[in-house]
Amino acid sequence: MTSLLRPRDGDALRAEIRRVAGRANVPVVFGGAVEEDTLLLTEFFGTVTTGLRGLSVLRTSGLGGQVMEYRRPAMVADYRGSSTITHHYDAAVVGEGLRSVLAVPVVVDDRPRAVLYAATRGAGPLGDRTAEVIVQAGRRLAAEIAVRDEVDRRIRLLDLATPPSATMPAATEELRELHAELRAIATATDEPRVRDRITAVCERLTGVLTGRPVGDAPQLSRRELDVLAQIALGCTNQEAATRLSLGAETVKSYLRHAMSKLDAGTRHEAVARARRHGLLP
C-alpha cells in the first residue's frame, strides 16, 4: 500500500537528521532504514568521504548491529579501540575519521526500523545534550513510522472490503467506521504530506460510497468533517474530542459551525444532511 499513501520513510529520516544537526553540537549525523534485519545507510550530514554511503550493516555486527539486536542506544568513546563491538566496518568508519559514535535504534512494535548515528572525529564521548537530542529524534521518528504503519493497515482493510450496496448495510457501516478512523489518524500526524494524503483517501472513499458532492453542497472545513465523521459513529462530544486529540469545547465549536452551514437543528440531522450532500459516506 506504500504506493498509495506512504511517502518514503527515508524522507522522515532525513528530516530528523537535519534537525539533529541543527540542534546538537555534533559534526557528523547519519542513518538508514532497517529491512529484513539489515541496516542500509542512506542519509548523511557532515561526512567527507563516500565510504559509509550505501553500507549494509548486518544485525549484531558493528555498533549499528548491536543496537538493532538489543533495541537500545549504545556508544563508543573510541571506535577504533573499542572491545565491545565487532569491527566489520572499520574501513568505512575509520576512513571517515570517526572516533566517538552514538547509535540510537528507532523501534516500532519491538522491531528496529531505522538507526540514527551521531559522531565526532575527536576523542572523548559525545555530550549529554547531543545524546538527548538524538534519542528524542529517534522517538519522534518511531512515532511517525507507527502512524504510517497504522494508515497502511487501515488502507489494506479498505482494499479487502467488498464495495457496499443497498443490500450490504454491515459492509457500509464498516467502511464508515474506517473512514472516521482514518480522519482521526490524520489529525495525529505532524507530517503534512501524510495528513493530506489520508484526507484525499477519505474523500475518495466518500466519493465511492455516495458519489461526488452535489453542486450546492455547503463548504465544510476539514476539521468540521472530522468531527461530523465521529458524530456519525454515535460518539459524544467528549469521545470525538479524544479520538481527534481536540478539546471538548473545540469539538462543540466545530459541530456548531457544521450544523449552521448544513442548516441542521440537531447533530443527527447534520450527519444526515452531510450524507445527503455527499460530504460523508
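I began at a turn. In the hairpin of β5 and β6, 2 residues lie between the strands, and Asp-109 takes a positive phi near 55 degrees. I took helices (H or I, at least four residues) and strands (E, at least two) as DSSP runs, numbered from the N terminus.

I noted the ground rules. This is a predicted model, where local features need pLDDT of at least 70, side-chain atom pairs count only at pLDDT 80 or more, and totals for chains, interfaces and linings use all residues. Residues are numbered from 1 along each chain as its sequence is written, and side-chain values use heavy atoms, with hydrogens and water left out.

Next I looked up the partners of β6. Two strands pair if DSSP finds at least two bridges between them. β5 (residues 100-108) pairs with β6 in the antiparallel sense over 9 bridges. There, Val-108 stands opposite Arg-111 in β6. β1 (residues 28-35) also runs antiparallel to β6, joined by 6 bridges. Here Val-29 stands opposite Ala-118 in β6.

Is β6 mostly covered or mostly open? I found 9 of the 10 residues in β6 (residues 111-120) buried, meaning under 20% relative accessible area with a 1.4 Å probe, protein chains only.

Then I stepped back to the whole sheet. It is open, with 6 antiparallel strands in the order β3-β2-β1-β6-β5-β4. At the edges I found β3 (56-58) and β4 (74-76), each pairing on one side only.

Last, I checked the helix. α1 (residues 9-23) packs on the sheet and touches β1, β2 (38-45) and β6, with contact meaning heavy atoms within 4.5 Å.

Technical notes:
Buried < 20%, exposed > 50% of the residue type's maximum accessible area, 1.4 Å probe, protein only. Axes fitted to C-alpha atoms, helices over the stretch in contact; angles between N-to-C directions.
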